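Please look over the structure shown here.

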Amino acid sequence: MANRPAPAPKTKPPKSGSGRAGPAAARGAKRSKTPMRELLDSYFSHHRKVAKDSARRLWRTPVASLMTWTVMGVALALPVGLLLLLTSLQGVSAGWESAARVTVYLEDHLSLEDAGRLRVDIGARGDVSEVELIDKSAALEEFRVSSGLKDALDYLDENPLPHTLLATPAEGSRTEAGMTALVDALEQTGGVAQVQVDLGWLQRLAAITEVLGRGVWALGALLAVAVILVIGNTIRLAIESRREEILVAKLVGGTDAFVRRPFLYTGLWFGFGGGVVAFVLLQLTLWFLSEPVERLAGLYRSNFALSGLSFEGTVALIAAAVLFGWLGAWLAVKRHLDAIEPG
Amino acid sequence: MIEFQQVSKRYDDDHTALRQINFSLGRGEMAFLTGHSGAGKSTLLKLIMLMERPSAGHVIVGGQLLNKMPRRQVPYIRRHVGVVFQNHHLLFDRTVFDNVAMPLEVMGTPSRDIGRRVRAALDKVGLLTKERMNPMQLSGGEQQRVGIARAVVNKPPVLLADEPTGNLDPALSADIMQLFQQFSQVGVTVLIASHDIALINDMNRRTLVLDGGRLIRGGDLPAAEDQREVLRG
């Protein structure tokens, strides 16, 4: 039937699909499959079968599997949790950076009109988004109120404060380099006595975040190695317990790939379960911490909030876990499975 | 189908298991391999199923020279050699059916063919009704027959058996031999290692006798010599 050169007209299925022709046509298609196609089908169905079988084996020993998943979950949740905390912190420092303003003290002799002109000039710069003028009498008034030196200030004959401009850098120049360039430019401007910007704490915060970031990555790398080794060891035990089966499979002509497959899938499932446990642990921790963190942030009048895992982040976490599981299994299989030879 | 040319096997510790073995078995031929324990029977079988490699000489199975066969080719050769083991090597974590299906599974046989062929093999050894049982529930003779079904399920051209009747009583042993005879009748080359002299004599087949690693009887090449004589005449 498969080799028939052309189908007889009456067996040709009608173009407007009628219900009855469907199954017959499908059967015909199945029979005329090429051997290559058949081999591929059986290859994939074997993969499905092995994947299902490996998952079932893990379910059959739920306590042992859950323990392995939890070990993986904890090891993965720790660096990912720290990474999330760091991301939240970076969000905060970005907020502070936007609030960083450059204080420009003008020369004493400048009149209010000159100061107003300078304000317009500086405001026209590309790297400045906003300039506020604080006139010296207003500044003195404020100082009098806030410093508590009211009486002492009354003894002064004249206002010692200069006119001041508060420049807010534009979005694009809120970097260390941008700020330095802006400060330099303002210092060159005529009529400017002194420019002050507290870059120090910004630099410190950036440095701290960088150290923390690297630390988290180093910790993550160490824990990833630990996860791979844990899975490798678990797979090694699984290989030992199925030694007889491996021997028979090799004796009846199973290729190395065939014999390895169940264990690689087991590693994959361990990884998947570990990723899910890590996700659950992260969500629980987030829920547990969110209230006190909000209260703390409220005390500092900050809208800081711990950010959870995004959908992409979750997918990446589980994919990484699956990869680690597979890698661990691969290491164990490479070391221990190839050593099992009949003879 | 199986050919040994000047085959020797020496193990690392200077123990020589086989010395200059010469014999050949044709398609559908059934032969026994006998000798005392340690005479080299197991080693000879291991050379055919590529569990060992010869130290010298050529081992040819199905026209393929096995000596230098790369490791990754080994599984494909083994698929052409069915083996019945003395200790069955059955897996007790699965049913009789799944045990017999293993050689088909490793070959990637489509599942609907697996069912058909496994049942055909089980039918052949008379265990069709026990396919759902665990091999542990079966008697020794039945376990051995499951092993035979597994060895022949993918219709290999060569069938090896290592003491297949080792622990069986004479009646059961005769049944098993009957089975092997049937396989040889359909063209399978059968080589049975056994030290059950009475059984071998009953079967009245070609017998290769090993002693201290040498083939002392049955090692001539009857087919080749016959041909030479025909040519001379």
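Helices (H or I, at least four residues) and strands (E, at least two) are DSSP runs, numbered from the N terminus. This is a predicted model, in which local features need pLDDT of at least 70, side-chain atom pairs count only at pLDDT 80 or more, and totals for chains, interfaces and linings use all residues. Residues are numbered from 1 along each chain as its sequence is written, while chains are lettered from A and ligands numbered from 1 in the order in which they are written.

**B:Val190**
- B:Val190 sits in strand S8 (residues 189-193) of chain B.
- B:Val190 is buried (20 or more other C-beta atoms within 10 Å, placed from the backbone), because 26 other C-beta atoms lie within 10 Å.
- Leaving out residues up to four places away in sequence, B:Val190 touches B:Met30, B:Leu159, B:Phe180, B:Phe183 and B:Ser184. Contact here puts C-beta atoms, placed from the backbone, within 7 Å.
- B:Leu50 is 140 residues from B:Val190 in sequence and 17 Å away in space, C-alpha to C-alpha.

**Sheet in chain B**
- Four strands form an open sheet in chain B, in the order S2-S1-S4-S5, with antiparallel pairing. Strands pair if DSSP finds at least two bridges between them.
- Strand S2 (16-25) and strand S5 (64-65) of chain B are at the edges with a single partner strand each, so one side of each has no neighbour in the sheet.
- Six bridges join strand S1 (residues 2-10) of chain B to S2(B) in the antiparallel sense.
- B:Ile2 has B:Leu25 in S2(B) as its bridge partner.

**Contact between chains**
- Chain A gives 20 residues to the contact and chain B gives 18 residues.
- On the side of chain A that touches chain B, helix H2 (35-60) and helix H9 (243-251) of chain A each supply at least two residues.
- H2(A) provides the largest share of that side, seven residues.

Definitions and conventions. Two residues are in contact if their C-beta atoms, placed from the backbone, lie within 7 Å. A residue is buried if 20 or more other C-beta atoms lie within 10 Å of its own, exposed if 12 or fewer, and partly exposed in between; C-beta atoms are placed from the backbone.
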